[in-house]
Amino acid sequence: MKTIFKIALIALVGFSFSGCLKDEPITDYSDTSIKPVILIPNGNFPAVQSVNPIALDFKSTAQTVDLYARVSWSKPLDKDITVTFAKDPSIIAAYNTKFGTKYEELPAAAYKLPALSVVIPAGQQEVKVPIELFADKIDLAKSNMIAFRLTDASGQTVASNFRQIVFPVLVKNVYEGNYNVTGYFYHPSAPRSISATKYLSTVSGTRSEGQVGDLGGWGFRFDVAANVGGWESAGSTPAAPSAGFMTLDNPFGNGTYPGPGGFTSALFPNTYDAATKTFKFHYGYAGGSTGQTGYSREIFETWKKL
């Protein structure tokens, strides 16, 4: 009798387990289970990290970035799908709130795209809309961005994520970049050699901004034409004429000051060599002075692009 009871109990337990297994959900990866979704494959917002800007060279000819649309499915569809995008400044506002940035919408004159709708033809899975960007029409004093949202896809399901994209835009002139900087800082109480890597940033197609000597927060702006010129103080640097480019050596006529020899205006004539991508700077400053004859601080530097 005990043996019969044990056999019955085992059979009951086995039945219970088999019943539970039948109730487990089965993931169906067939085309009948997963439906087509239309998305922006490189959609990048919302995001955990900020987006690297698109770096444009400063020139008048158009430079192109692409806005994509894709059918996310195991195979192409057998019919045309018209995908519609919309420019959406609210995405820019949300991006600024998320990352503490100050992007503004790219002005209409600074870009061109053929249409805000594009057709994914039957039998294809991805198409793109080329966006032409015009660097010479972008206000470089602002942080610029353009943003799009995927709004419709001929009634097909639009992805809840990967439906928004931002294009931050950074314009760079040919001088922008890192430079190996060497030279000497003539200073009445703290003369010193300069050896550093410094960054030259874009103000316009010909105008750039760099760091004064080794002074954090001090800057100067200049133009590149036949020579370097158009000094403009930036940051904490005393405003012109209390700072500027120099053509005089040792303006105080003191044999021991400004410092050791080997640094002269003849060797540092405020020029740019395009072949070697090298600047030769001589500039100075002194609060309250009215020109270079009063500059008690002089800086001679060679900037060579890395």
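Modeller: A strand is a DSSP run of E with at least two residues, numbered from the N terminus. This is a predicted model, in which local features need pLDDT of at least 70, side-chain atom pairs count only at pLDDT 80 or more, and totals for linings use all residues. Residues are numbered from 1 along each chain, and side-chain values use heavy atoms, without hydrogens and water.

Colleague: Which strand gives the most to the lining of the largest pocket?

Modeller: A pocket is an open set of points on a 1 Å grid where a 1.4 Å probe fits, with protein on both sides within 12 Å along at least five of seven lines; lining residues have an atom within 4 Å of a point. Strand 11 gives the most here, with 3 residues. The lining includes Asp-139, Lys-142, Val-169, Leu-170, Val-171, Glu-176 and Thr-202.

Colleague: How is a pair of aromatic rings described?

Modeller: By the distance of the centres and the angle of the planes. Rings pair if their centres lie within 6.5 Å, and planes over 60 degrees apart count as edge-to-face. The structure holds 32 aromatic pairs. The rings of Phe-222 and Phe-279 have centres 5.4 Å apart and planes at 75°, so this pair is edge-to-face. Phe-222 lies in strand 15 and Phe-279 in strand 19, 57 residues apart. Both Phe-222 and Phe-279 are buried (under 20% relative accessible area, 1.4 Å probe, protein chains only).

Colleague: What do ring pairs link into a cluster?

Modeller: The cluster includes Tyr-175, Tyr-179, Phe-222, Trp-231, Phe-279 and Trp-303. Phe-268 and Phe-300 form another edge-to-face pair, 5.5 Å centre to centre with 70° between the planes. Phe-268 is in the loop between strand 17 and strand 18, whereas Phe-300 is in strand 20. Both Phe-268 and Phe-300 are buried.

Definitions and conventions
Helix = DSSP H or I, 4+ residues; strand = E, 2+ residues; numbered from the N terminus. Phe/Tyr/Trp six-rings, centres within 6.5 Å; stacked < 30°, edge-to-face > 60°. Buried < 20%, exposed > 50% of the residue type's maximum accessible area, 1.4 Å probe, protein only.
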